Every structure is written in structure tokens, then in C-alpha cells.
Amino acid sequence: MRKLYYEDSHIRHFSARVTGCEESEKGYLITLDATAFYPEGGGQACDLGTLGGVRVLDVREKSEEVYHLCDGPLAVGETVEGSIDWERRFDLMQQHTGEHILSGVIYQRYGHTNSGFHVGADVLTVDFDGPIPAEELPALEWAVNQAVWENVPVTCFIPSPEELPNVPYRTKKALPWPVRIVEVKGYDLCACCGVHTKFSGEVGFVKLLSCVKFHQGVRIEMVCGGRAVRLMDAIYNQNKQVSAAFSAKLLETGEAARHMNEVLEQERYNTVCARRKHFSLLAEKYRGAGFALCFEEGLNPAGVRELANTIYDTCGAVAAVFSGEDGKGYSLCLAGDAARVKALGSALSCALGARGGGKPGFYQGSVNANRAEITAFCTDYRE
């Protein structure tokens, strides 16, 4: 079987004879005497497209035979036309070739070997077996893009068994012959079974997104070609919205956001101070009361808890704080003597259907009763 994808990585359409068609659980497994559909392998996803009018759903290689999983049967012996989903194929080649350039540059600079990569739906991740300082990512990205802009040829060849030991391709282990070598001239020499662009310039643009520790080395996230352009376009459009919201220039939105955070932090501090002062004044009303029942509007659960603790410090026994409104329910918090809080929480649950819990001396939850019912119950309980 001829592997047309190795003869010409840019082939989009081809003719071939059907040599086999077998029904499977997921569709029909079809073999051909020649194919341009690249099967999944080497970290690169398979090609998709159409074959003789049926859709190609998956492509795998087994024992040197390429199996095309299709959504319909084809007649054995028939000559059919195949059409590759070129947008998908070219995107995968851009990502894969960009990975080769990055791996080659890192190998030259640091001596680290690529220990694995994965082309995802959005980004490409590449793992290396040694450390790379995150602050060096911009310089590394520039070097990779320089290789792209030089538009050097990307070639593939299989050295003879005698030649192979003298080929300085990057790998951590010896590989049995035959070994397919991919060369990005001047930048990378690597054993690889994937398909690539013919020139580095077809990669277009490489953007490195992150570099984080991974096992004993690092994992780098990146995008190449059309993916990189689409990502940068989305970031630019988002930044225009941020620019308009902050009334800041496009390249000054970061500083504007930092300033806004400082303003908001000061506002939060002022709000907290004002709330604590208000809570302290409320608590004074219950000083020495023993049992204190308090309704306060507009508090979230954290505010209810803080007010209950503040009032408990002055009332001396149990503080019962509720915040909410009739028809929508109330958030509640009980703080005080452990035995009394436990008893009151259980009583509220039995009498008014309250739900909640907590540690000794503390009960927090919610209740769907109205204010009059809560007040009547707590008044009776206090008495």
C-alpha cells in the first residue's frame, strides 16, 4: 500500500482502489491500495474527510495496513476518490512542525529532550526532561519564530542501516531500522512518523503560552499558525473591551486594572470597617441581655455569622441573627453557649423546618418561616 501522505504532505485529493471493506461496531473498516489519509500516530491526530462519497471518521494503522473507519460501505475493487479535510490537516502540520522547531531550539540551547507532546483541540503541549526558566520564554519564542521566518526547508528521509548510526538525530534511545528522519534545516533533526509542512515559513507564527514544572522537567503550552492568529485576535478584541471599560490605551490596560484593584481593595477595606462599626453599635443594644434576637437586612451568610459573633460578645448567652425576607427565607446564625445553641438549633429545625449545623457553640443555616413566626418562636424559647 502506498502512503501518499509521505510522498506529498500537501496532497488533498487522490484516487485509490478499495482492497477491503469490513463492517465493525462503529462503522466500516476500509483498506485501499494507496491513501493520503494520515493515520493517528507520533502524537499527531489522524486525517478526516471523505472517501467515495462516505465520511472518514477515523484512520488507524495496524501491521503496515491503514484502516479507514467510514460511515458507509464501499465495494471491494472499486476505484474511489478521496478528499482530505485540508484545513484540519494543515493545522495539524503547523502545530507539529512548530513543535519540531521548538524542540530543536531547546535541544541546542539546553540539551533537553522532548519527552512527549500532545496536539489538543485548542493548544499543543510539549514536555521536556529538564528545567527551563519561565523568564526565558520570550527569548525562546523569538528564536523559534526566527526559524519560522527564515523559511528553511523541512525534509524527510530514511537513512540506510549503515548511515543511521552516523545521523545525529535527537533521541534518548536507539531505534531499530528503518528510521524516518525529519529535518528542519539548521534547527532540528529528529526521528518522526508524522507529516509536516514543506517549509518552516508555512508554520506562520508561534506563540508560547506557558512553561510550568512537570515531573523532572517542564511542560510548555503553545499554539502555531492559524491557531496562534485566532488566539491573538481574540485576545486583542478582549483587550479592546477592557481598554474601553477602563478608558485606557490598549497597551496600558494592565496598569489600569492594577489601579482599579487598588481602588476596590480600599473600598472593601472601608466597607469592612464601616460594617464592623455598625455591628458594634448594634451589639451594644444587647449588652447583658443574655438571649439576643436580631434581624438585619442585606447580609450574606458570612455577614450573618460575623454579626452573631459580635452580639454574642455583648449579650453573654446566645445571639440569634437572621437576615432575609418573608417569602424568600432567612439566613440564620446562632452563637453562644454550646448546650443552648445546640438545643435552639434542634428546636428551630423541629418547629420551623430550619436546616443547618456547625461546631459546638455555633449553628448556621437557613429557615423558610416568616419574621413573625421566627420572632414568636424565639420569644417563647427565651421565656
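In the predicted model, the axes of helix α2 (residues 86-110) and helix α3 (residues 137-149) come within 10 Å and cross at roughly 120°, where axes are lines fitted to C-alpha atoms, for helices over the stretch in contact, and angles run from 0 to 180 degrees between N-to-C directions. Helices α2 and α3 are therefore oblique to each other, oblique being the class left over once angles under 35 degrees are taken as roughly parallel, over 145 as roughly antiparallel and 65 to 115 as roughly perpendicular. On the α2 side the contact (heavy atoms within 4.5 Å) is made by I101, L102, V105, I106, R109 and Y110, and on the α3 side by A139, L140, A143, V144, A147 and V148. By class, 11 nonpolar, no polar and one charged residues take part in the contact of α2 with α3. Residues are numbered from 1 along each chain as its sequence is written, and side-chain values use heavy atoms, with hydrogens and water left out. Because the model is predicted, local features need pLDDT of at least 70 and side-chain atom pairs count only at pLDDT 80 or more, whereas totals for chains, interfaces and linings use all residues.

Helix α7 (residues 338-352) and helix α8 (residues 371-382) have axes that come within 11 Å and cross at roughly 135°, which makes α7 oblique to α8. Their contact involves R340, A343, L344, A347, L348, A351 and L352 of α7 together with E373, I374, F377 and Y381 of α8, and it comprises nine nonpolar, no polar and two charged residues.

Two of the residues in this second contact, L348 and I374, are also among those touched by F322, a residue of strand β17 (residues 316-325). With a relative accessibility of 1%, F322 counts as buried (under 20% relative accessible area, with a 1.4 Å probe and protein chains only).

The 32 residues of helix α5 (residues 253-284) should span 46 Å at 1.5 Å a residue, and the end C-alpha atoms are 46 Å apart, which agrees; the expected span is 1.5 Å times one less than the number of residues. The buried residues of α5, namely T253, A256, F279, L282 and A283, pack against α4 and α6 (301-315). Within helix α4 (residues 225-246) lies S243, which at 12% relative accessibility counts as buried and touches T253 as well as A248, K249 and L250, residues up to four places away in sequence not being counted.

Notes:
Helix = DSSP H or I, 4+ residues; strand = E, 2+ residues; numbered from the N terminus. Nonpolar A, V, L, I, M, F, W, Y, C, P; charged D, E, K, R; others polar. Buried < 20%, exposed > 50% of the residue type's maximum accessible area, 1.4 Å probe, protein only.
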